[in-house]
Amino acid sequence: MAAKEHVLNYDPEKNYDEDTMAQQREIEKEIAESQPLISAHFTFDGIIEEYTREDAVYRHKIEDLKKRYANMRKTRGDGNCFFRAFGFAYLETLLKDTADYQRFLGIAEKSKDELIALGFPQFTLEDFYDTFIDIVKQVENPGTVEKLLETFNDQGLSDYFVVYLRLLVSGYLQKNEDEYIPFIDGERTVKQFCMQEVEPMGKESDHIHAVALTKALQVPICIEYMDREGDKCNSFIFNPSDAADAPTPKPALTLLYRPGHFDILYPQ
């Protein structure tokens, strides 16, 4: 009888594969939302089993990282991890660097008018900009890591900050369209690329996002790439300067990249 009821309930117009995928996405969403947007510090010994489940090669690379880094923070894997990790890690460094904080605040405060001049609608920018500036100013005395961590784990505030960083990257790429159009695939314009791959929340970031963010904000970034080749991570420093003879800068922050995800690293 149960089998007969099952047959009678079968709908030939229904896409059962889609239902299965939808259930899987919902499960993944629940798992993701159970994780903080920015975690407390983790030691490498504390995450090695998690990484090894994905690929045994990572065990060797974590041993390599342990020689150069003290610990790390994990970020939620929601497609916004690059921008969120950058934002938190950079503001955290500014707590101890008053001069660079003032420089960065100056860039941030001028950015809204520059984006409006590029054609971004003011009414769209206002709320994101105001929240962005408010969060940046949390660095001012008595700024604390605890306050930043609380803010970046507030979904609404944190997401507004990420949106504005995305708009800054979009603006920089569009302003320098001639330089970046050779790197855009799919016969798209830079504006189309930005509308599809940079501005929407949840879109994962790639090399071009890191290059543009570094140059837009004049903040050198180091990224350790944990791929599946070799026993060590490949380290790359993104230099804000375009000069051919520019020295390699000391990075303001370091991120760890493994396919599809960014976390934050803290040097020894």
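This is a predicted model: local features need pLDDT of at least 70, side-chain atom pairs count only at pLDDT 80 or more; totals for chains, interfaces and linings use all residues.
Contact is taken here to mean heavy atoms within 4.5 Å.

In helix H11, which spans residues 190-198, the buried residues are Val190, Phe193, Cys194 and Val198. Viewed down the axis of H11, these buried residues fall within an arc of 100°, so they line one face of the helix. An α-helix has 3.6 residues a turn, so residues three or four places apart point the same way. The partners against which the buried residues of H11 pack are helix H9 (155-175), helix H10 (177-180) and helix H12.

Helix H12 comprises residues 207-217 and includes threonine 214. With a relative accessibility of 1%, threonine 214 counts as buried, because the term applies under 20% relative accessible area. When neighbours within four places in sequence are left aside, threonine 214 is in contact with Val219, Pro220 and Ile221, and also with Phe238, Asn239 and Pro240.

Aromatic rings form 15 pairs in the structure. In one of them, phenylalanine 132 and phenylalanine 161 have ring centres 4.5 Å apart and planes at 25°, so the pair is stacked. This pair links distant parts of the chain, since phenylalanine 132 belongs to helix H7 (residues 122-136) and phenylalanine 161 to helix H9, 29 residues apart. Both phenylalanine 132 and phenylalanine 161 are buried. The two residues also belong to a cluster linked by ring pairs, whose other members are Phe86, Phe88, Tyr90, Phe104, Tyr129, Phe152 and Tyr164.

The largest pocket has a volume of about 510 Å³. Its lining consists of 18 residues, among which Thr93, Pro251, Ala252, Leu253 and Pro267 lie nearest the centre. Helix H5 (81-94), strand E5 (253-258) and strand E6 (261-267) each give two or more residues to this lining. By class, the lining of the largest pocket contains 11 nonpolar, 2 polar and 5 charged residues.

For the second largest pocket, the volume is about 440 Å³. This second pocket is lined by 22 residues, with Gln35, Thr75, Gly77, Arg258 and His261 nearest its centre. Two or more lining residues come from each of strand E1 (38-42), helix H3 (44-54), strand E2 (69-75) and strand E6. The lining of the second largest pocket divides into 6 nonpolar, 7 polar and 9 charged residues.

How values were computed:
Residues are numbered from 1 along each chain as its sequence is written. Side-chain values use heavy atoms; hydrogens and water are left out. Helices (H or I, at least four residues) and strands (E, at least two) are DSSP runs, numbered from the N terminus. Buried means under 20% relative accessible area, exposed over 50%, partly exposed in between (1.4 Å probe, protein chains only). On a 1 Å grid over the protein atoms alone, a cavity is a set of points where a 1.4 Å probe fits but cannot get out, and a pocket is an open set with protein on both sides within 12 Å along at least five of seven lines; lining residues have an atom within 4 Å of a point. Grid points are joined across faces, edges and corners, and a volume is the space filled by probe spheres set on the points. Ala, Val, Leu, Ile, Met, Phe, Trp, Tyr, Cys and Pro count as nonpolar, Asp, Glu, Lys and Arg as charged, and the others, Gly among them, as polar. The arc is that of the directions from the helix axis to the C-beta atoms. Rings of Phe, Tyr and Trp (its six-membered ring) pair if their centres lie within 6.5 Å; planes under 30 degrees apart count as stacked, over 60 as edge-to-face and the rest as tilted.
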